[in-house]
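Reader: I would like a close look at one part of this model. Please keep it brisk.

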Amino acid sequence: MRDIALSSAQTASDVEAETPRLNRRQAAKVRTRQKVLDAARTLFAERGYEPATIRDIAKGAGMSTGAVFANFQDKAELFEAVLAEDMGRLADSLKSAVAAENSVRGRLLAALSGAYAAQLEHLPLVQAVVSRSWFQPVAAEMRSRAALRPVTGIVADILQTAVSEGELSKDADAQLLGELVYGAYVSNYRRAAYDGWGIEQLTAQIGKQIDVILAGALSRQ
């Protein structure tokens with residue numbers, strides 16, 4: 001037991017020794033970048049994409065516009081960085097909710113209702129993501145898709161696992177089902193934006209949509 005403990009301690013020490021430490025200048029740059037991201041997230045969440053200016057983001061971060069441009073090429077790159085950071089955090093929070101369920105429907109509902117709960121208070125940010133996807137260059141769209149992949153990947157994994165475990169029929173198209181489920185999830189934000197829907201209504205709606213989408217793919221065994 002003592003040998004194992006020593007081995008673990010040595011391994012931890014080795015990893016720590018191999019991890020490069022930031023010097024003071026590098027650490028300051030990391031802090032500055034994070035302050036810009038936090039200020040941008042606040043403004044994007046309050047105003048959406050277009051009304052949130054670099055000048056206002058810099059002011060919110062307590063720095064000059066030059067400091068913002070020293071870390072990000074333009075507002076689009078800053079927006080993508082905020083999106084990527086948020087989606088990574090959201091995916092981490094959804095994984096435990098998914099793990100607690102034992103059916104494909106339960107897992108999908110846990111993931112997507114959890115996403116609604118986390119994103120609903122930042123509706124202008126969600127609207128900005130959706131609206132920009134129609135009017136951005138192809139390269140920017142590909143980057144946005146990559147930023148969303150931590151969450152879309154959870155949906156895809158749930159469905160692929162259900163096929164592998166026999167809950168969905170072996171010839172079910174998991175990719176197509178995932179696209180349909182995620183598309184339904186995104187489309188429901190219109191209800192939140194224009195009809196005042198809250199989390200309970202959104203959860204009920206996506207539950208019904210999941211049932212319809214999966215109806216023809218459930219295993220008959």
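What is the handedness of the crossing of α2 and α3?

Author: The crossing of α2 and α3 is right-handed. A crossing counts as right-handed if the near helix is turned clockwise from the far one by less than a right angle, and as left-handed if anticlockwise. First, the basis. This is a predicted model, where local features need pLDDT of at least 70, side-chain atom pairs count only at pLDDT 80 or more, and totals for chains, interfaces and linings use all residues. Residues are numbered from 1 along each chain as its sequence is written, and side-chain values use heavy atoms, with hydrogens and water left out.

Now the pair. Helix α2 spans residues 24-47 and helix α3 spans residues 54-61. Helices are DSSP runs (H or I, at least four residues), numbered from the N terminus. The two axes come within 8 Å and cross at roughly 125 degrees. Axes are lines fitted to C-alpha atoms over the stretch in contact, and angles run from 0 to 180 degrees between N-to-C directions. α2 and α3 are therefore oblique to each other. Oblique is what remains after roughly parallel (under 35 degrees), roughly antiparallel (over 145) and roughly perpendicular (65 to 115).

Next, the residues. From α2 come K35, V36, A39, A40, L43, F44 and R47. They meet D56, I57, G60 and A61 in α3. Contact means heavy atoms within 4.5 Å. By class, the residues of this contact divide into 7 nonpolar, 1 polar and 3 charged. Ala, Val, Leu, Ile, Met, Phe, Trp, Tyr, Cys and Pro count as nonpolar; Asp, Glu, Lys and Arg as charged; the others, Gly among them, as polar.

Note on methods
Helices (H or I, at least four residues) and strands (E, at least two) are DSSP runs, numbered from the N terminus.
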